[in-house]
Amino acid sequence: MAVLEARNVSKHFGGVTAVDQMSFAVAPGEILGLIGPNGAGKTTMFDLLAGSVAPSSGEIHLMGQNVTKSAAHKRLSGGMGRTFQIPRPFPELSLVDNMLLARQGQSGERLWINFASPRRVAVEERAAREKALGLLDLVALRRLADDPARVLSGGQRKLLELARVMMADPKVVLLDEPAAGVNPTLLEVLIDRIREINATGVTFVLIEHNIDMVTRLCHRILVMASGGMLCQGAPQDVARDPRVIEAYLGGVPA
Amino acid sequence: MIDLMGYGAFFLSTALIFGLITLGLNLQWGLTGLFNVGISGFVAIGAYTSAILTSPDAVDRVGGFDMPIALGWLAAMVVTALAAALTGFATLRLKADYLAITTFGVAVVVQLVALNAQGLTGGPFGVAFIPRPFAGVQDQAVLFNFLNLGVIAAVTLAVYLALEHVSRSPWGRVLRALREDERAAISLGKSARSYRIQAFAAGGAVMGLAGAVQAHFIGFIAPNSYLPTLTFQVWAMLMVGGSGSNRGALLGAVVVWSIWVGAGAFSAAVIPGDWQARAASLQIVAIGVMLCLILLWRPQGFFSARRRG
């Protein structure tokens with residue numbers, strides 16, 4: 001069974017068709033790459049999957065459930081997390097607080113429980129904090145744990161977002177351009193971490209322009225152009241497909 | 001000397017009541033980033049709720065419930081929280097200045113209702129004979145003032161501790177996250193709508209309680225106590241004290257109230273009699289100047305909510 005599936009999903013913004021009849025399924029444990037020239041509709045496709053944009057038609061299924069009409073904030077507890085093209089840490093909150101916010105089902109996030117059973121909240125907080133520090137360690141940010149997130153570099157913010165979304169123990173993670181603006185050393189850390197997390201059974205869907213990273217990391221690639229699906233297949237085959245080359249180079253005869 | 005002490009207690013009581021209102025605003029603005037400019041309306045709802053429920057029978061309005069003061073205060077919190085939640089729900093799609101304009105409108109409506117719904121609020125005459133705590137010792141002014149100060153200080157302390165507790169809790173963390181980046185918070189599974197309404201309601205409850213406490217402290221309320229000037233004063237208090245800090249909210253309230261009272265006393269002493277009425281505006285000018293100085297030299301207020309770094 002697919003962990004995540006788009007069925008004939010379209011999105012129109014006024015007269016513009018940003019996503020046109022996209023259908024694909026993501027298999028458990030897969031790393032799926034979504035590539036295409038600028039304006040192909042990749043990020044809109046992500047927003048549709050993440051629920052922050054509602055489709056004009058079609059359905060989104062997550063873990064076998066039709067989630068097309070459910071609110072964006074319910075995706076993470078449903079098993080799917082996302083990161084953003086431009087990272088969105090909470091700048092004035094500490095790294096640990098950033099991490100703790102991603103933990104699902106915390107009883108202390110309900111106001112009255114903080115008064116009704118403060119001990120339960122404290123116990124949960126300790127456990128969550130432990131987990132947060134472990135994950136920060138994994139992305140080499142532990143020593144900054146109590147600093148506000150605004151001190152991080154662009155690459156570190158990407159790592160923080162990855163670690164943050166892992167706090168929720170998601171089954172699927174959508175990564176929007178994880179390599180953009182990340183220096184080569186940190187990029188290696190990032191690739192290693194994605195592989196390690198993937199090895200534990202977490203599925204990834206990523207948008208990426210760095211073709212080197214995509215071919216190294218992804219099991220399958222899906223190419224979008226003008227809102228629709230151009231082709232899909234193994235990284236090597238896709239890279240050689242003349243339609244892909246034409247879409248990227250803008251109609252230069254092959 | 002005795003007079004001075006009595007006045008000091010009275011002054012501090014008033015300042016602490018403002019401190020309570022400012023604590024409510026700090027929850028909404030300092031923690032959650034909700035631009036509420038309808039403070040006077042919520043304070044009025046709390047004041048009228050408690051006043052109507054606890055005061056004796058009156059000829060031309062509903063009343064005569066004669067409930068205990070504590071029950072009136074509790075009801076004030078509940079009713080104001082509901083009104084604030086409703087405001088929050090109605091303005092879910094509004095941000096920043098649009099939210100400010102709408103909440104301002106809510107406050108104007110509340111004040112007009114207080115002024116015109118005579119059968120409910122007593123209209124321009126207001127509500128009188130609101131029972132005052134320790135009314136039995138009212139003829140011993142100093143003792144009476146100090147006992148009241150004690151009650152008000154205890155309420156303020158309790159609210160302060162409760163707010164400190166929740167702002168450090170996971171609940172408060174979600175509010176801060178919403179203030180910083182609503183979309184990211186949603187991606188982490190937080191319902192922005194639900195928390196917004198909760199922050200409106202919780203902050204509103206504190207403002208309503210402050211209104212009720214003040215109504216019982218003075219013993220009389222009227223619609224013109226709840227003009228937009230009140231909202232302006234409370235915002236100045238939070239800016240001066242330091243937005244995001246509960247301690248700052250309390251300190252800001254005391255400082256700004258001192259300047260307000262000081263400017264009033266100064267103009268009364270220095271300015272000739274026939275200019276007095278116009279000189280009253282100097283109080284607002286003094287607060288304005290104070291705000292400018294703070295924004296120039298210490299824009300984060302006395303207490304900065306920012307973390308180190």
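## Sheet of chain A

A:Ala6 has A:Ile60 of strand E4 of chain A as its bridge partner. This is a predicted model, in which local features need pLDDT of at least 70, side-chain atom pairs count only at pLDDT 80 or more, and totals for chains, interfaces and linings use all residues. Residues are numbered from 1 along each chain as its sequence is written, while chains are lettered from A and ligands numbered from 1 in the order in which they are written.

Strand E1 (residues 4-13) of chain A runs antiparallel to strand E4 (residues 57-62) of chain A, and five bridges connect the pair. Helices (H or I, at least four residues) and strands (E, at least two) are DSSP runs numbered from the N terminus; two strands pair if DSSP finds at least two bridges between them. In chain A, an open sheet of four strands has the order E2-E1-E4-E5, with antiparallel pairing.

## Hairpin of E9 and E10

Strand E9 (residues 220-225) and strand E10 (residues 228-233) of chain A are antiparallel and joined by five bridges. Within this pair, A:Leu222 is opposite A:Gln232 of E10(A). The hairpin has two residues between the strands, and A:Ser226 adopts a positive phi near 45° there.

Most residues other than glycine have a negative phi. A:Asp169 is located in the loop between H5 and strand E7 (172-176) of chain A. A:Asp169 is partly exposed, because 15 other C-beta atoms lie within 10 Å.

A:Glu177, likewise a residue other than glycine, shows a positive phi near 50°. The loop between E7 and H6 of chain A contains A:Glu177. A:Glu177 is buried, with 21 other C-beta atoms within 10 Å. For these terms, C-beta atoms are placed from the backbone, and a residue is buried if 20 or more other C-beta atoms lie within 10 Å of its own, exposed if 12 or fewer, and partly exposed in between.

## Domains of chain A

Chain A comprises domain 1 (4-87 + 163-249) and domain 2 (90-151), with bounds from an automatic or database domain assignment. The centres of domain 1 and domain 2 of chain A, taken over C-alpha atoms, are 28 Å apart. Ten residues from domain 1 of chain A and twelve residues from domain 2 of chain A take part in the contact; residues are in contact if their C-beta atoms, placed from the backbone, lie within 7 Å.

On the side of domain 1 of chain A that touches domain 2 of chain A, helix H5 (154-166) and helix H6 (184-199) of chain A each contribute at least two residues. H5(A) gives the largest share of that side, four residues. The side of domain 1 of chain A that touches domain 2 of chain A includes seven nonpolar, one polar and two charged residues. Here Ala, Val, Leu, Ile, Met, Phe, Trp, Tyr, Cys and Pro count as nonpolar, Asp, Glu, Lys and Arg as charged, and the others, Gly among them, as polar.

## Contact with chain B

In chain A, 30 residues are in contact with 24 residues of chain B. Helix H2 (95-100) and helix H4 (118-138) of chain A are the elements that give two or more residues to the side of chain A that touches chain B.

Definitions and conventions. Contact = placed C-beta atoms within 7 Å.
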